Amino acid sequence: MLYSNLSVTQIPTSLNVIGVEKADAGEIQIAIRYFTESIEINPEDPRAYFNRATLRMKLGDIKGAREDFKNAEKFSQ
Amino acid sequence: MRTAQESLGLSSFQSIPQLTKDLTSKNFILRKKARQELVEIGKPSLDFIIELAYNDDENVRWEALVTIVQIGSIETLDVLLDALEDEEFSIRWLAAEGLSNLGKYAVVPILQKLLNNPGSVFIRRGSHHVLHELRKTGIFKDDYELIDQLSDEFDHSDISLKVKHTLDSVKNIS
């Protein structure tokens, strides 16, 4: 497994970082998969929701983006 | 005799008031269809949509802002600037994106808004978002390092003078 050398608390951060790199490289769908995986491991990480929201907006998934923005706000408080 | 709607080339569309009403529907599919048609109509629909951007229901404001941003007209500057202070995070984010999309037309208005509301956390965050995006594309030149100061959430110092210098500098260039 790619992330086997990382502790559980580090994994979502790493997935987020990779997601951002993928997004910057224009690999939007792949980036979304990283953010989604990050959310599955830590469903209360606002950064992953926020990052996925911005990409969903780019793809025109307005409904999905709104849900992610809501969660980003909820878990950042 | 052609109706006003046909004159605008809208014969294949539903009426703008009906589409605007559909934009407030609880039915997601109906909202999406209305949004797409309103975006296609563009500017003639703005007066109706802008009114919705001040609705009490945050879901209605969100749909209105999404449509406004997708239309992308400088006529929406004021409503986007107002939405930077919305109580809803996603709407504030959307307003900042919309202003960024307006490019050079947003620079002076956002600086003016910041100058008039130097203590507003929402305006500071929104201004940071917009100016940061515009700096990336080379539209905004941050000679007075305003963006750095705006990026510090714990910096509550008065930024008025810096904003004023920046505004004067931008106005001199344009």
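**Reading helix H5 of chain B**

User: Which residues does B:Ile68 touch, leaving aside residues up to four places away in sequence?

Analyst: Two residues are in contact if their C-beta atoms, placed from the backbone, lie within 7 Å. B:Ile68 touches B:Ile49, B:Ile50, B:Ala53, B:Thr76, B:Val79 and B:Gly98. This is a predicted model, in which local features need pLDDT of at least 70, side-chain atom pairs count only at pLDDT 80 or more, and totals for chains, interfaces and linings use all residues. Residues are numbered from 1 along each chain as its sequence is written, and chains are lettered from A in the order in which they are written.

User: How do I read the packing of H3(B) and H5(B)?

Analyst: Two packed helices are described by the angle between their axes and the distance between the axes. Helices are DSSP runs (H or I, at least four residues), numbered from the N terminus. Axes are lines fitted to C-alpha atoms, for helices over the stretch in contact, with angles from 0 to 180 degrees between N-to-C directions. The axes of H3 (residues 28–41) of chain B and H5(B) come within 9 Å and cross at roughly 30 degrees. H3(B) and H5(B) are therefore roughly parallel (angles under 35 degrees count as such).

User: Which residues meet there, between H3(B) and H5(B)?

Analyst: B:Arg31, B:Arg35, B:Leu38 and B:Val39 in H3(B) meet B:Glu63, B:Val66, B:Thr67, B:Gln70 and B:Ile71 in H5(B).

User: How many residues of chain B are in contact with chain A?

Analyst: Six, in contact with six residues of chain A. H5 and helix H7 (89–101) of chain B each supply at least two residues of that side of chain B. H7(B) gives the most, with three residues.

Technical notes. Angles under 35 degrees count as roughly parallel, over 145 as roughly antiparallel, 65 to 115 as roughly perpendicular and the rest as oblique.
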